[in-house]
Amino acid sequence: MPVEPPPSHWSFGSPGDFDPLDDLVAIGADLAPGTLLAAYRRGLFPMPSGTPGDPTYWFCPVRRGVLPLDAMLVSRSLRRAARDFEIRVDSAFAEVVDACADPGRDAGWIDEDIKAAYLRLHELGWAHSIEAWRDGRLAGGLYGVSIGGLFAGESMFHRVRDASKVALVGLVGLLRDEYAEDRLLDVQWRTPHLASLGVVEVTRAVYLRRLRKALELPPPAGLGG
């Protein structure tokens, strides 16, 4: 079971006070485990500003990207590709985060502070990697935070075609249990790529309402939180 860290010294306020037109809702605080968990439980997630030394930015998107567990779009070719991979959980968390943080990637945003923060969360049992392996090598994967019925996806990568999509299929499979209807798979924002996999947008209010319900659920088998 995950270990609850000391509570955060910071407060993110009431979501009712967030700017209804701005995804950015807070600046500052820290990346301690208790702060991160408090943020996710309120619907926020962190990102660096992009300028070294600047305080952390915290987002709660006005329109949130979520993947309904019964609506993921899996093409015939992706189903065939999935047969060539083995899905593992948490066997290479640090390597997955490093791959997602590769500075050579377009629009890379994961800095050393973010990497260290999620490694600490992983050590406490709250952050997890879903990995696609082929021929004994890590081919792709994703990582995120699991709290009750919430899985908040942070980033994904692939070294082999379709490997990250296969990892996502594997995650959806883990989440589709007797509580699947109320579980929440959060992907932050809906991009064209994620939309092609079935990701939809919901309003901030709908997301926060679903989040409250999801947090009351037990974690899925294979993931803590």
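Predicted model: local features only at pLDDT ≥ 70, side-chain atom pairs only at ≥ 80, totals over all residues.

Colleague: Which residue does Arg 41 form a salt bridge with?

Modeller: Arg 41 pairs with Glu 4, and their closest N and O atoms are 3.0 Å apart. Arg 41 sits in helix α1 and Glu 4 in the segment before β1 (24–27), so the bridge ties together parts that are 37 residues apart in sequence.

Colleague: OK, what about Glu 201, which residue does it bridge to?

Modeller: Glu 201 forms a salt bridge with Arg 63, with the closest N and O atoms 3.0 Å apart. That one links distant parts of the chain: Glu 201 is in strand β10 (residues 200–203) and Arg 63 in strand β4 (residues 63–66), 138 residues apart. Glu 201 has 34% relative accessibility, so it's partly exposed, and Arg 63 is partly exposed at 41%.

Colleague: And where do Glu 95 and Arg 159 lie?

Modeller: Their side chains meet in a salt bridge, 3.0 Å from N to O. Glu 95 is in helix α3 (residues 93–100), while Arg 159 is in the loop between β8 and α5 (163–175), so the pair connects parts 64 residues apart in sequence. Glu 95 is partly exposed, at 35% relative accessible area, and Arg 159 is partly exposed at 47%.

Colleague: Switching topic, back to α1. How many of its nine residues are buried?

Modeller: Seven of them, so helix α1 (residues 33–41) is largely enclosed by the rest of the structure.

Colleague: Which ones?

Modeller: Pro 33, Gly 34, Thr 35, Leu 36, Leu 37, Ala 39 and Tyr 40.

Colleague: And what covers those buried residues?

Modeller: The cover includes strands β2 (45–47), β3 (57–59), β7 (137–147) and β8 (150–158), along with helices α4 (112–123) and α7 (204–214).

Colleague: Last one: what's the phi of Gly 43, which follows α1?

Modeller: The phi of Gly 43 is positive, near 95°.

Terms used
Residues numbered from 1 in each chain as written. Heavy atoms only, no water. Buried < 20%, exposed > 50% of the residue type's maximum accessible area, 1.4 Å probe, protein only. Helix = DSSP H or I, 4+ residues; strand = E, 2+ residues; numbered from the N terminus. Contact = heavy atoms within 4.5 Å. Salt bridge = Lys/Arg side-chain N within 4 Å of Asp/Glu carboxyl O.
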